[in-house]
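Thanks for making time this morning.

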Amino acid sequence: MGKCVQGVAAFLVMVLITGGCEAIRGPQRTGEIELSSQRFMSETYYLYGYSYEKADYFRFPFQGEPEPDIINEAFRALIGGSVVLLPGFNTPAQENGFALLGTFGTLEEAREFYKGYSKVEDGLQFEIVSDTVELYQVWLQHTVLGNYAKLLVRNIQNFEDESGAAYNLVNMDYTYQPDGSTSFSE
């Protein structure tokens, strides 16, 4: 009996070391992410996206790495005679996509709606590429795996890299429902 208990204990330690708690309870359901539209060069450009299932950032497009669920593939726009870069979401899998649930005047109003949004409504139209992403918006993403994530846009910042290329960062809260359910429980 003692060897069996030792074997189980050793297995649990091994699972925690190699897969962490996610191996036991599944992917992280809530958190904060920061999506950048900054492009990095190798033979071709790539940028970093986020995978809800893996709770990590991955390069896209990049052979040999998992495909992220969401990227910030900013849009160039002409505003007041100047070219600006506006944030926008894309789903690299080119399936399902995003639905805008609401735009709010303050972070508090957006957060209240976000927290209260507990069930995916029928009839939502999901687009693979979002419209321009703005402060205090709440989005719903339907992932390639058929799961849902709700997103609260908390902050957007614009920058230039060393070469003068513009990019932006979108900071968000997310809640991920990894089992395909249309209900969010936090």
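Let me begin with T143, which sits in the loop between β11 (137–142) and β12; helices here are DSSP runs of H or I with at least four residues, strands are runs of E with at least two, and both are numbered from the N terminus. This is a predicted model, in which local features need a pLDDT of at least 70 and side-chain atom pairs count only at pLDDT 80 or more, while totals for chains, interfaces and linings use all residues. Residues are numbered from 1 along each chain as its sequence is written, and side-chain values use heavy atoms, with hydrogens and water left out.

Is T143 buried or exposed? With a relative accessible area of 1%, T143 is buried, where buried means under 20%, exposed over 50% and partly exposed in between, using a 1.4 Å probe and protein chains only. Not counting residues up to four places away in sequence, T143 touches Y52, D69, N96 and Y176, a contact being heavy atoms within 4.5 Å.

Two of those names, Y52 and Y176, return in the aromatic part of the model, where ring pairs link Y50, Y52, Y57, Y174 and Y176 into a cluster. The rule is that rings of Phe, Tyr and Trp (its six-membered ring) pair if their centres lie within 6.5 Å, with planes under 30 degrees apart called stacked, over 60 edge-to-face and the rest tilted. By this rule the count comes to 16 aromatic pairs. One of them joins Y50 and Y52, edge-to-face, at 5.8 Å centre to centre and with 70° between the planes, and both of these residues are buried. For Y50 and Y57 the ring centres are 5.0 Å apart and the planes stand at 65°, so this pair is edge-to-face. Y50 has 4% relative accessibility and counts as buried, whereas Y57, at 32%, is partly exposed.

Staying with that region, strand β3 (residues 45–51) and strand β4 (residues 56–60) run antiparallel and are joined by five bridges, the criterion for pairing being at least two DSSP bridges between two strands. L47 stands opposite F60 in β4. The two strands form a hairpin with four residues between them, and A55 in the turn has a positive phi of about 50°.

Which residues touch the most other members of the largest nonpolar core? Of its 17 residues, they are Y52, I70, F89, L151, V153 and M172; a nonpolar core is a set of buried Ala, Val, Leu, Ile, Met, Phe, Trp, Tyr and Cys residues joined through side-chain atoms within 4.5 Å. At least two residues of this core come from each of β1 (30–36), β12 (148–160) and β13 (166–177). Apart from it lies another core, of 11 residues, including L101, Y114, V138 and L152. Going back to I70, its contacts beyond four places in sequence include L35, Y52, F89, L151 and M172.

Y114 takes us to helix α3 (residues 107–116), whose buried residues are L107, A110 and Y114. Seen down the helix axis, these residues fall within an arc of 65°, so they line one face of α3; the arc is that of the directions from the axis to the C-beta atoms. They pack against β11, β12 and β13, while E108, E112, K115 and G116 are exposed on the other side of α3.

There is also an open sheet of three strands, in the order β5-β8-β10, with antiparallel pairing. β5 (71–72) and β10 (129–132) stand at its edges with a single partner strand each, so one side of each is left without a neighbour in the sheet. Strand β8 (residues 88–90) pairs with β10 over two bridges, and G88 stands opposite T132 in β10.

Finally, a word on confidence. The chain averages a pLDDT of 87, and 84% of the residues score at least 70, pLDDT being the predictor's confidence in each residue, from 0 to 100. Over residues 4–23, however, the pLDDT is below 50, and this stretch has 12 contacts in the model beyond near neighbours in sequence. Where pLDDT is low, the predicted coordinates should not be read in detail.
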